[in-house]
Amino acid sequence: MTSGKVSKQRRREAKVPAPPVRAPGGSRQASPKVLIAGAAVLVALIAIGVGLGLAFRGGGSSSKSTGTPLTGSLVNALPSAADVQKLLRGIPQSANVLGSPKAPVTMIEYIDLQCPACQQFETQAMPQLIPRYVRTGKVKVVARPIAFIGSDSERGRAAALAAAEQNRMFNFMELLYFNQGTENTGWLDDKMVKAAASSIPGLDVRALLAARDSSPIKDQSKTFDTQSQRDYVRQTPTVIVGKTGGKLQQVSLSSLTDITSVSAAIETALH
């Protein structure tokens, strides 16, 4: 990325929003042929009804109306889905927190799912920091996605928070970063959201899609915006590190893939 593009991204400031009969005349007897034909139609209708009932109960593998799988998997998944699954498999996730709740160090990251600078940090730095510090129980990561670049950012954040309700927020966000398009081109549309959700093993795709516009998710989005203002977030990514339960400090990144500065802040908090 050129320095001009980085500057463009890192000068943006998070925008905080201002604080669902019987017919007359008697009956008429049908002929035997009519009765036989009617019985055949009835049998066909019953068979169709049974099939639809199974589909609505989740008996099928996908929704026929949308072609979207009911449960995510690595079958026909987005590029890098297997890598994301391998990176995060077995690490505890609870809502927007990745890692052991007892981790001695907390790392907060403010990110925008459309941000190219965040894309570099999340796909190059985090895959090295997660095995070293999160998987080992030393650090827990608290993700606070904000949305200041455009409508795709809002759509992506709502979907990520819906994934958080199933404890798969980090899978969803990381997968979107690996498949990120050009900002404000409409790449993060419903089709991409469905594709990403369908690429996460075990995720209930329909539940995620239904939860995106819920009141709890809208409230959580407002909370993140308020927290970003409180933490003086002026660019993404913004990384804040410190002892869990103590005072956290922003990490000054020398580059978008600066692992050294983040590692130094973590090591200082560990001692």
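Reader: What's the strand order in the open sheet?
Author: This is a predicted model. Its open sheet has six strands in the order S1-S2-S4-S3-S5-S6. The pairing is mixed.

Reader: Which strands stand at the edges?
Author: Strand S1 (93-94) and strand S6 (249-250). Each has a single partner strand, so one side of each has no neighbour in the sheet.

Reader: And S2 with S4, parallel or antiparallel?
Author: Antiparallel. Two bridges join S2 (residues 97-98) to S4 (residues 139-145).

Reader: Which residue in S4 is the bridge partner of leucine 98?
Author: Valine 141.

Reader: Which strands does H10 lie across?
Author: Strand S3 (105-111), S4 and strand S5 (238-243). H10 runs at about 20° to S5.

Reader: On to helices. At what angle do H4 and H10 cross?
Author: Roughly 30°. The axes of H4 (residues 116-134) and H10 (residues 259-270) come within 10 Å. The crossing is right-handed.

Reader: Which residues make the contact?
Author: From H4, they include Phe121, Gln124 and Leu129. From H10, Ile259, Val262 and Ile266 are among them. By class, the contact of H4 with H10 has seven nonpolar, three polar and two charged residues.

Reader: New topic. What volume does the largest pocket have?
Author: About 270 Å³. The largest pocket is lined by 13 residues. Glu154, Ala158, Arg212, Lys218 and Ser221 lie nearest its centre.

Reader: Where does the largest share of that lining come from?
Author: From H9, with five residues. Helix H5 (151-164) and helix H9 (215-230) each supply at least two.

Reader: How many charged residues are in the lining?
Author: Eight, along with four nonpolar and one polar.

Terms used:
Residues numbered from 1 in each chain as written. Predicted model: local features only at pLDDT ≥ 70, side-chain atom pairs only at ≥ 80, totals over all residues. Heavy atoms only, no water. Axes fitted to C-alpha atoms, helices over the stretch in contact; angles between N-to-C directions. Helix = DSSP H or I, 4+ residues; strand = E, 2+ residues; numbered from the N terminus. Left-handed = near helix turned anticlockwise from the far one by under 90°. Contact = heavy atoms within 4.5 Å. Nonpolar A, V, L, I, M, F, W, Y, C, P; charged D, E, K, R; others polar. 1 Å grid on protein atoms, 1.4 Å probe; cavity = no way out; pocket = protein on both sides within 12 Å on 5 of 7 lines; lining within 4 Å. Points joined across faces, edges and corners; volume = space filled by probe spheres on them. Pairing = 2+ DSSP bridges.
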